[in-house]
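Subject: Structure handover

Hello,

Here is the structure we talked about handing over. My notes on it follow below.

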Amino acid sequence: MFSEERWLENEKKCAVVRKPKPGRKRQELLAVALGVKVGVRGGFLWPPLKLFACSQISSLVRRAALTHNDNHFNYEKTHNFKVHTFRGPHWCEYCANFMWGLIAQGVRCSDCGLNVHKQCSKHVPNDCQPDLKRIKKVYCCDLTTLVKAHNTQRPMVVDICIREIEAREISNADERLEAVHDVLMLLPPAHYETLRYLMIHLKKVTLNEKDNLMNAENLGIVFGPTLMRSPEDSTLTTLHDMRYQKLIVQILIENEDVLF
């Protein structure tokens, strides 16, 4: 008969013998999670099994992030699939089956990086979420791709440009006159005096509008391109600036007694 101490000692030794190696334990757990049976020669299956697991996990994480992202704007976007040659073993992220072949085994979305069989690409839902790492340009880019990549309702460049313009196109009449007056004070004395004298004359011209049909707006159209000529000798720039040239000269004429 063994003593109690001897029995406990033998039990500890048996426990050490039965304890699997850490690496083997990880293989078995992953195999169970994926529904794959790993036998005695399972070590040979371990490298491709890990690749398969990584592809499946990345796909699940990607789709879970889209499902639970409350800030995601629900713009439907189709995937931009292109034939791709994968290096090493690869699995389809839609059907979870192996991609066979040495070249052109499947297709990859150039916007989000989703990898699937060519046949499976026809069944993938329109849930593409572009990755900023893959979107290299703002202009000449698909609009839906751009806004989904930045997770915004509109392209950021549109918001930035409109805010800048609105911060400069002043709506309050008094504030607008004050801004124009501040700019006039920056003119050299000779330019200021010449402009002041001309505006006084043009103001007198508008007093005879019934006879000459020249109001402040019409005079702005005539004198604007001359007084507010763009430093760039470009026809396109000149056409673009005409509206603002006319508006400034009109303001100067109508408010010459306040501005000068």
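Which residues of the largest nonpolar core touch the most other members? They are L184, M199, L252, I253 and L259, in a core of 15 residues. A nonpolar core here is a set of buried Ala, Val, Leu, Ile, Met, Phe, Trp, Tyr and Cys residues joined through side-chain atoms within 4.5 Å, and buried means under 20% relative accessible area (1.4 Å probe, protein chains only).

This is a predicted model, in which local features need pLDDT of at least 70, side-chain atom pairs count only at pLDDT 80 or more, and totals for chains, interfaces and linings use all residues. Residues are numbered from 1 along each chain as its sequence is written, and side-chain values use heavy atoms, with hydrogens and water left out.

α7 gives the largest share, 5 residues. A separate core has 11 residues, including F86 and C120.

The axes of α7 and α9 (lines fitted to C-alpha atoms over the stretch in contact, angles from 0 to 180 degrees between N-to-C directions) come within 10 Å and cross at roughly 150 degrees. The two helices are therefore roughly antiparallel (over 145 degrees). Their contact (heavy atoms within 4.5 Å) involves L195, L198, M199, L202, V205 and T206 of α7, and A216, L219, F223 and L227 of α9.

Beyond its neighbours within four places in sequence, M199 contacts L227, V249, L252, I253, E256 and F260.

Regards

Notes. Buried < 20%, exposed > 50% of the residue type's maximum accessible area, 1.4 Å probe, protein only. Helix = DSSP H or I, 4+ residues; strand = E, 2+ residues; numbered from the N terminus. Parallel < 35°, antiparallel > 145°, perpendicular 65-115°, else oblique.
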